Amino acid sequence: MTLCLHPGLQGCSPNQPAAPEDTAQQQQQSAAPQNPPAVADPLTSDRTDDIAGNATRIRFTPLTADRFPEIIPRRGEEAGYATILESLGSGAAAADLDRDGLPDALIAGGGSFKGKQPIGKPVFVLRNRHSHFSDQTLTAGLADIRLYHHGLAVADADNDGFPDLLISGYGGVLYFRNQGDGTFLDETAAAGICCPAWCSSAAWADFNRDGNLDLYVAGYVDWSFENDPPCFAADGVTRDNCSPKLFNACPDFLFISGADGTWQNQTQAWGVRPDGKALGVVAADLDRDGWTDLYVGNDVMINFLYRNAGGRQFEDRSISSGAGVSNRGSPDASMGVDAADYDNDGRFDLWAANFEMESFALYRNQGSMMFRHISDEAGIAAVGAHYVGWGTGFGDFDLDGDEDLAVCNGNVVRFPQHSPAKQRMLLLENIEQSWFREATAAAGNSLMQQVNGRGLALLDWNLDGRLDLLTTPVESPAVLLQNETPLRGQWLTLILSGTSSPRHPVGCIAELRTDRRTLLRQLKGGGSYASTHLPWLHFGLLDGERPRELTIHWPSGHRQTLSISAADSVMSIQEPAADAPAQTPRI
C-alpha cells in the first residue's frame, strides 16, 4: 500500500494553525460547565404523521444474523482520544462484484489507533448467495487495509466489466482493481491517484466524455495529533470531539483518466475550489446538456455546485444557483447528498442531509442551473431540526412511481446538548410528487432503533423489485433492512452497460413512458455519504400501469429508444453503436 500524505501541503497542513476567525468557537467549546437546555426528544417518538388515516404501506425488516453476518464498523473510541477523526464513521456500497447477477455488499471497517497512529480495519466483502450473504473478506484481499477509512466509491473504472473500489480516508485514498476472480489488487501507486489529505468521499464520472471514468475526491479538514485543540463537553471537563470550524479545509481533487489505467491530477485546470470541508458528493447531469455536473456537500461551508462547461472545466455556480446555502442565505453543515426528479417535472432536484438546528435541504430545479430551497413547502421542515443526517438516498420504496427519501442519523459528539448521540432513521414518503410526510415508525421498528447512523446504500438484494437499505452505524452492527412493502403495482430495473460511453455509464438518463406518464431516472456517481448505491436504475409502477417505451440518453450523446412491454423484471441493456438498429433488452 502506498500513501502520499505530505504534512507540508498548502491549505491542509497538520501543523497549520486554525484560522483566526474560529478562535471564538474554540473558546465556546472549552467553556465553563453549563446545564444543557431541556428539550423534547422527538427522535425517540413513535409518532408517524398520517393523512386522513392513510398510513404508509412501506415496511422494512432487518435480515437476521444467519443471513447477514455481523459486521461492526469501528472508529477507535476505546483509545479515549475523542478526536474529530472519530466523528465521520464508515460507509457502505452495493455492487455485483462477481457478475453473477446478484448484488453484493461492501462495508467500510473504519479504523482505530496504535498509540497516536491512525490505522485501518478491513473493508468487508459480503457475497450474495441468493438466500444469505457470506463473508469473503479474506479471499477478496481486503482484510489488510492500513488506511483509517470512511468512504467506498465503487465503479468499473477500467471498463473491464467488473466493479473496482476506491477507499477514502485519513491520509488519502486507495484504489483496488477487481481482477474478476473474486480478488482485488492494490494499484494505487500505478494509477497515480495521490490525495495527500484527509479524504472523506468520492465520485466516479466521465467529465470529459472520452469514454473513461474520471474521479472527484472530497477533502475534509487538516486535523492531526499535532493540530488537536482541546475541546470539551458541556461540563467543561470531559473531552469531546471538536467542531470542524476549528480547522482549515483540505482541498478536493479531480483526476482525469488517461485511458490507460492511470489518472492525472487536473484539480486546478478544472477550477476546483480548495476550501470546502467536503463530506458528500454526487455526480449527475443536472441541466441535461449531456455533460455530468457535480454537487458537493460541505461541512459548515457553502455547498459547491459545479456546472460542467463542455468537458473542459467546471463553472462555479455555488452561490448563483441558490443550491449552496440555506433558505436563510447562510451555509449549512451538509453530510449526505443526492439528486432525483422528485416532482416528475423532467428536471433533477438536489437534496442535502444537514446538521441539527438546521433544516434538511430540498432544492427544486428551476432550470438553467437555478435551484430554490423548498424544504418548508415540501414538508421537509416539519420533521424538525433535531437530526444530524448522513447517509441518504432517493428511492421508490413503495413502487408508486415517485421517489421517496431515506436518511441515517447520528451525532458527531459523544455528549451532545441538543439531541441524542444515537438517533433513529428518517423515512420520508413522497406524496403525489409534491411533498413528503414522515413515515418512519409505521415502516417498521427497525428504522426506529437508536444508533449512531452514518453510511447508507440502496440495493435490491433479493431481486424482488423492492429497494432495500444497507446501513452502517458507528460502533454498532451493520444492518440490511429488507423491503417488505406489500406489492400492488409493478416494477422495472435496468442494468446499463456503455460501449462508446464508459461501461459504467454515470450520467446516463432513462425515460420510461407508460400508458399514464413519463418517469425519469439517472445513473449517478457518488451520492449518499461515503457510500455507493447499487448502480441499477429502478422504476416503480402503479397497479394497472403499463410500460410502453424506454428512451436512454447515453453519456456519449447516443440516444436509444426501445419498446417495453414486460415488467416485474431486471433488464440488461447495452449501448449500441451509433448506426446500429434498436435492440431488444435482455431480461
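**Reading contacts, burial and strand pairing**

Student: Why does Arg239 count as partly exposed?

Tutor: Arg239 counts as partly exposed because its relative accessibility is 26%; the scale runs from buried (under 20% relative accessible area) through partly exposed to exposed (over 50%), with a 1.4 Å probe and protein chains only as the basis. Bear in mind that this is a predicted model, in which local features need pLDDT of at least 70 and side-chain atom pairs count only at pLDDT 80 or more, whereas totals for chains, interfaces and linings use all residues. Residues are numbered from 1 along each chain as its sequence is written, and side-chain values use heavy atoms, with hydrogens and water left out.

Student: Which residue does the side chain of Arg239 meet in a salt bridge?

Tutor: The rule asks for a side-chain nitrogen of Lys or Arg within 4 Å of a carboxyl oxygen of Asp or Glu, and by this rule the count comes to 26 salt bridges. In one of them Arg239 meets Asp228, with 3.1 Å from N to O. Asp228 and Arg239 each lie in the loop between β13 and β14, so the pair ties together parts that are 11 residues apart in sequence. Strand and helix numbers such as these are counted from the N terminus over DSSP runs, where a helix is H or I of at least four residues and a strand is E of at least two.

Student: What else joins residues of the loop between β13 and β14?

Tutor: In general, a disulfide is a covalent bond between the sulfur atoms of two cysteines; here the test is a pair of cysteine sulfur atoms within 2.5 Å. A search of the whole structure finds one disulfide, and Cys231 and Cys242 form it, with their sulfur atoms 2.0 Å apart. The pair links distant parts of the chain, 11 residues apart, with Cys231 and Cys242 each placed in the loop between β13 (214-219) and β14 (253-257). The link of Cys231 and Cys242 is right-handed, with 100 degrees about the S-S bond, and both cysteines are buried.

Student: Where do the partners of the salt bridge between Lys524 and Asp338 lie, and how many residues apart are they?

Tutor: The side chains of Lys524 and Asp338 meet at 3.0 Å, N to O. Lys524 sits in the loop between β33 (518-522) and β34 (525-526), while Asp338 belongs to strand β20 (residues 334-340), so placed that the two are 186 residues apart. Lys524 is partly exposed because its relative accessible area is 23%, whereas Asp338 counts as buried at 1% relative accessibility.

Student: Which residues are linked in a network of salt bridges?

Tutor: The network links Asp287, Asp289, Arg307, Glu315 and Arg317. Within this group, the side chains of Asp287 and Arg307 meet in a salt bridge with 3.1 Å from N to O. Asp287 is in the loop between β16 (278-284) and β17 (293-298), and Arg307 is in strand β18 (residues 304-308), 20 residues away. Asp287 counts as partly exposed at 23% relative accessibility, and Arg307 is partly exposed as well, with a relative accessible area of 21%.

Student: Which strands form the open sheet, and in what order?

Tutor: Strands of a sheet pair through backbone hydrogen bonds, either parallel or antiparallel; two strands count as paired if DSSP finds at least two bridges between them. Four strands form an open sheet in the order β24-β25-β26-β27, with antiparallel pairing. Because β24 (389-395) and β27 (435-438) stand at the edges with a single partner strand each, one side of each is left without a neighbour in the sheet. Strand β25 (residues 404-409) and strand β26 (residues 426-431) pair over three bridges, and Leu405 has Leu428 in β26 as its bridge partner.

Student: Which residues make up the covered face of strand β38?

Tutor: In a regular strand the side chains alternate between the two faces of the sheet. In β38 (residues 569-574) the covered face carries Ser569, Met571 and Ile573, and the uncovered face Val570, Ser572 and Gln574. Strand β31 (residues 490-497) runs parallel to β38 and is joined to it by six bridges, and Leu494 stands opposite Met571.

Student: How many helices and strands are there in the protein chain?

Tutor: The protein chain has three helices and 38 strands, and 61% of its 587 residues count as buried.
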